[in-house]
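Please open the model in your viewer and keep the selection tool at hand. The stops below say what to select next and what is to be found there.

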Amino acid sequence: MFDLTTWMTVAFFVFCLVLGWCAAGALDFDGILRRSTSPGGRLLLRVGVALVLAEGFRLFLSFVVGPVLDMFVNQSVNGFKAF
């Protein structure tokens, strides 16, 4: 059902989302997230910031780590195709 590349894509997305969530909390120097009136508003604001930051991490890491992973996966898949 799921192949290696699908699992790697999902894991990469979750990793970027976790990085974005942590960065959203770390960048809250002035307490903007704590000043929101309701807990739901705070959650929505942090989710929004986390999604934007996760997309930035995804783009950055795609250019940095993507070619290395692509080379590794293509070599391993091409190696198995020979058998």
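Begin on the surface by selecting Leu59, Phe60, Phe63, Val64 and Val65, which together form a nonpolar patch with about 510 Å² of accessible area. A patch here is built from residues with over 30% relative accessible area and no salt bridge, like charges being joined within 9 Å and nonpolar side chains (Val, Leu, Ile, Met, Phe, Trp, Tyr) within 5 Å. Areas are calculated by the Shrake-Rupley method with a 1.4 Å probe, and for residues only the protein chains shown count as cover.

This is a predicted model, in which local features need pLDDT of at least 70 and side-chain atom pairs count only at pLDDT 80 or more, whereas totals for chains, interfaces and linings use all residues. Residues are numbered from 1 along each chain as its sequence is written, and side-chain values use heavy atoms, with hydrogens and water left out.

Helices (H or I, at least four residues) and strands (E, at least two) are DSSP runs, numbered from the N terminus. Val65 has 30% relative accessibility and counts as partly exposed, a class that lies between buried (under 20% relative accessible area) and exposed (over 50%), with a 1.4 Å probe and protein chains only.

Next, select helix α3 (residues 39-64). Its 26 residues reach 36 Å from the first C-alpha to the last, close to the 38 Å expected at 1.5 Å a residue; the expected span is 1.5 Å times one less than the number of residues. Colour Ala50, Ala54 and Leu61, the buried residues of α3.

Glu55 and Arg58 are three residues apart in helix α3, so about one helical turn separates them. An α-helix has 3.6 residues a turn, so residues three or four places apart point the same way. Glu55 is partly exposed at 37% relative accessible area, and Arg58 is likewise partly exposed at 30%.

Now move to Phe57, also in α3, which is partly exposed with a relative accessible area of 27%. Leaving aside residues up to four places away in sequence, Phe57 touches Cys16, Leu19, Gly20 and Ala23, a contact being heavy atoms within 4.5 Å. Phe57 and Leu17 are 40 residues apart in sequence, yet their C-alpha atoms are 8.5 Å apart in space.

The buried residues of α1 are Cys16, Gly20, Ala23 and Ala24. Cys16 has 1% relative accessibility, while Cys22 is partly exposed at 46%. The structure holds zero disulfides, counted as pairs of cysteine sulfur atoms within 2.5 Å.

Finally, display the whole chain, which has four helices and zero strands. Buried residues make up 13% of its 83 residues. Among contacts between residues at least 6 apart in sequence, 70% join residues at least 24 apart. The accessible surface of the chain comes to about 6400 Å², of which 75% belongs to carbon and sulfur atoms.

Technical notes
Salt bridge = Lys/Arg side-chain N within 4 Å of Asp/Glu carboxyl O.
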